[in-house]
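Please read it alongside the coordinates.

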Amino acid sequence: MAGAASGCPSVWGIYSSMEYGPAPEGPGPAQGVSFSCILPPQAWLETHGRSFGHFVDGKWLKPEGRETASSTNPATGELLATTLQGEVEDVEAAIQAAKKAFDSWSRLPCHARARHLHNMARTIQKHQHLLVLLESLDTGKPVGEARDRDLPLVVRHFYHHAGWAQLMATEMRGWEPLGVVAAVVTWSSPLLLLVWKICPALAMGNTVVLLPPPCARLSALLLAELGAQAGLPPGVLNVLTGEGALAEVLAGYPGVDGVAVVGSVEVGRLLRRATAGRGARLSLQLGGETVVVVFDSADLDEAAVGLSDAVSCRRGQAPGAGALLLVQEAVAEALLQRLKTRLGKLRVGDPLDKAMDGGALADEAQRVAIQTYVEEAQAEGAEIFQAWAALPARGPFYPPTLITGVASTSRCVREQVLGPVLVVLPFRTAKEAVALGNNRPSGLAASVWTENLPLAMEVAQSLQVGTVWINGQNLFDAAAGVGGSKESGNGWAGGREGLYEYVRPSWQSRPRPVPMELDYKTFTGGCDADTPPVPGSSGVACPPGPELGENIPRVDRTYKLHYGGSQKRPEGMASRPVLDPAGKVLAYVAEGSTKDIRNAVEAAHKAAPGWGSRAAHARAQVLYYVAENLELRREEVASRLGALTGVPPKEARREVDLGLERLFHWAAYCDKAGGAVQETPLHGTTLHLRQPLGVVGIACPDECPLLSFLSLLAPAVARGNAVVMIPSPRYPLPALDLCQIFNTSDVPGGVVNVVTGNRDHLSRTLAQHQDVQAMWYFGSSQGSQFVEWASAENLKRTWVSHGAPRQWETPAQGAGEEFLHQATQCKNVWIPMGEIFAN
């Protein structure tokens with residue numbers, strides 16, 4: 001009673017109201033605690049005079065004359081420290097330190113690198129409290145979220161990748177580190193995202209130059225300092241600070257061998273173009289909202305809990321921020337009532353208060369951007385629900401928001417809203433839900449809520465995203481990769497699938513082409529400069545062939561295009577001559593055009609879903625049938641190959657036999673590379689699936705024209721893709737002979753499409769086509785540069801040769817694991833359990 005009289009609530013009053021009281025986590029020294037291991041962030045900032053340079057070569061680097069930027073607490077505007085604005089000279093210093101360290105780091109025994117990563121994990125655990133508080137101060141993230149989710153995952157990633165470092169020699173046999181990796185993070189929740197890139201790169205023997213986001217740099221600097229304290233060799237992990245323009249400088253620097261990006265789609269496009277033609281591996285983990293699908297068979301209370309928790313976490317910039325809720329009409333009103341009740345109870349405020357569900361946004365600009373989306377939707381007639389009750393009066397905070405009654409064409413549906421906003425669309429059937437979920441340029445993650453497991457699995461398989469949670473939300477672990485599809489990028493973090501971003505085949509030297517000044521608007525706009533002369537010019541003979549009898553010539557053979565399962569005349573009604581080694585005309589083939597490529601892509605797009613969903617055994621039987629029919633025509637195909645290329649008959653027959661072997665090799669892989677079970681802490685099953693990409697454009701090289709054509713076609717088709725092939729422009733006849741074999745081998749129309757002509761001119765259309773999911777180019781260095789640059793439009797996956805030839809006869813170069821990796825995309829499906837035993 002005395003407490004109540006003095007204005008403080010009584011114990012009985014607290015239990016009666018069940019209201020939260022303040023539970024602040026102070027940024028200063030813990031009162032009454034003298035443990036030296038608990039170093040508060042304010043004390044750490046003071047030890048550095050609240051002024052930080054770059055962390056390069058194991059020490060702090062503060063060049064003279066650099067501008068500085070202020071790091072502030074987003075929630076209060078309090079100045080935390082100043083950091084440097086890096087310049088080109090700083091990039092060069094960091095890359096030189098990383099290159100020097102790479103020589104020794106990459107040669108360390110696997111066990112030694114594993115020990116280093118293990119020690120990093122231990123060191124982070126010792127200072128976990130400091131990192132939690134600094135991350136909250138630097139980003140506005142609720143301290144509870146940083147403590148309970150982010151930091152445990154950071155530690156888990158270091159331990160997990162210490163294991164991969166230990167096992168690299170056996171589990172990643174045949175792969176080598178890239179070299180110096182530039183890791184660029186532009187989202188404002190950096191620590192976990194930085195570790196996504198650091199851990200696999202270091203585990204595989206690379207060294208790293210890290211550029212944290214301009215608005216949240218302090219956690220990255222502390223992580224680098226802790227790395228040095230843990231004994232990480234100088235130069236292995238370097239941190240530069242600077243504005244966004246520095247990312248383009250770092251990514252395009254000649255000494256960089258790989259670029260790993262976590263950021264927005266716009267940043268991904270910028271860096272894709274900046275790295276085009278440089279030979280550096282590019283890994284992109286980009287934006288995209290989470291698509292949530294709730295069926296009428298779902299546990300609505302459980303779904304409401306999961307959704308409200310997810311909304312409270314969407315306060316900052318991060319992959320998956322913002323969500324689209326698709327709810328079946330029969331339960332839409334019931335679910336929305338539950339959501340409004342729960343969202344109204346969420347607490348948004350001081351990020352250092354452990355009782356807060358939501359913290360501050362990155363800055364005022366982000367708050368204004370969110371408000372603009374909401375106001376536009378409201379102006380279009382949408383209904384807005386916002387939980388304003390506990391929102392602080394000042395600061396960049398935004399209430400949990402529901403937008404309902406909105407059209408599917410609204411901007412808040414089409415674009416990612418970076419904040420605690422849930423946009424709601426109703427649906428009637430599961431097919432409609434899948435169509436709505438896939439009708440988006442991004443493809444990051446989804447959750448499916450239903451008690452009907454067959455329905456959940458079918459929807460999970462059908463959604464074009466990288467991660468699907470069934471009756472759950474925001475489940476992450478280092479053993480199960482995080483990645484996406486379409487404009488969400490091709491990069492992965494975690495699991496075995498995340499390692500391939502940082503390695504190259506052992507046989508392959510790092511390509512170092514010199515980017516050329518290309519006019520991208522006009523590149524390959526015309527025909528080849530070296531196109532043979534037209535009929536009637538001097539030195540050009542008529543198509544060869546002996547007469548069959550007196551005054552009876554051979555019937556002229558017309559080579560057409562092949563798409564949609566039949567032969568087609570070119571839209572341009574033009575042909576190009578094919579010469580034998582003596583310079584005589586051997587045949588004329590169709591001169592494909594932009595319209596022909598578009599027709600072929602349309603045919604492939606129609607065929608891809610059916611072919612991709614066909615049983616793997618059935619796809620294998622088709623490839624075996626192609627091999628069977630090719631062997632029946634072995635002598636004929638070898639004879640034509642020898643006449644075309646001038647190789648001896650024995651060598652021509654050997655190329656045909658190797659092509660048959662490749663068909664058998666990939667037919668065998670049709671049903672042997674579908675995925676695995678990931679070993680995560682989830683009480684349930686996490687499935688790792690390998691799915692087809694969709695439509696793949698493939699431009700083939702001139703060397704080994706039959707073998708290289710089959711070596712590229714077979715893995716793509718075996719794994720369920722439909723392809724548009726551009727055969728060797730110099731030696732196209734073997735590919736056209738194969739079209740007859742495809743027609744008699746039960747290959748469905750549209751699965752394999754062949755368009756002959758100028759390789760670069762046709763590749764231009766494929767690389768720019770919005771409905772092509774991947775582009776493989778094996779041609780000139782200029783063509784490779786253009787394909788990479790043009791792919792930025794829809795951020796399709798690319799695999800280019802940079803003008804370097806391959807030895808297609810060798811299994812490592814002509815049928816290695818990289819072909820399987822390039823022909824598939826990953827998806828992780830999280831399936832919880834708990835009916836018998838509690839989670």
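Leaving aside neighbours within four places in sequence, which residues is Phe 158 in contact with?

1. The model is a predicted one. In it, Phe 158 is in contact with Leu 117, Met 120, Ala 121, Ile 124, Val 195 and Cys 199, once neighbours within four places in sequence are set aside.

2. Phe 158 and Ile 124 are the residues with the most contacts inside the largest nonpolar core, which has 73 residues. Apart from that core lies another, of 63 residues, including Leu 630, Leu 658, Phe 709 and Trp 808. In soluble globular proteins, nonpolar side chains tend to be buried together.

3. Helix H21 spans residues 649–668, and its 20 residues reach 29 Å from the first C-alpha to the last, close to the expected 28 Å. Its buried residues include Ala 652, Glu 655, Leu 658, Arg 662 and Trp 666. Among the elements that cover the buried residues of H21 are helix H19 (616–632), helix H20 (634–645) and helix H22 (705–718).

4. Strand E18 (residues 445–449) has 5 of its 5 residues buried. Ala 445, Ser 447 and Trp 449 point one way from the strand, whereas Ala 446 and Val 448 point the other way.

5. Strand E12 (residues 289–294) runs parallel to E18 and is joined to it by 5 bridges; Val 294 has Trp 449 as its bridge partner in E18. Strand E19 (residues 467–470) is also parallel to E18, with 4 bridges between them, and Ser 447 stands opposite Trp 469 in E19. From E18 the chain passes through helix H17 (residues 453–462) to E19, in a right-handed β-α-β crossover.

Note on methods:
Residues are numbered from 1 along each chain as its sequence is written. This is a predicted model: local features need pLDDT of at least 70, side-chain atom pairs count only at pLDDT 80 or more; totals for chains, interfaces and linings use all residues. Side-chain values use heavy atoms; hydrogens and water are left out. Helices (H or I, at least four residues) and strands (E, at least two) are DSSP runs, numbered from the N terminus. The expected span of a helix is 1.5 Å times one less than its number of residues. Buried means under 20% relative accessible area, exposed over 50%, partly exposed in between (1.4 Å probe, protein chains only). Contact means heavy atoms within 4.5 Å. A nonpolar core is a set of buried Ala, Val, Leu, Ile, Met, Phe, Trp, Tyr and Cys residues joined through side-chain atoms within 4.5 Å. Two strands pair if DSSP finds at least two bridges between them. A crossover is right-handed if, with the strands pointing away from the viewer, the path from the first strand over the helix to the second runs clockwise.
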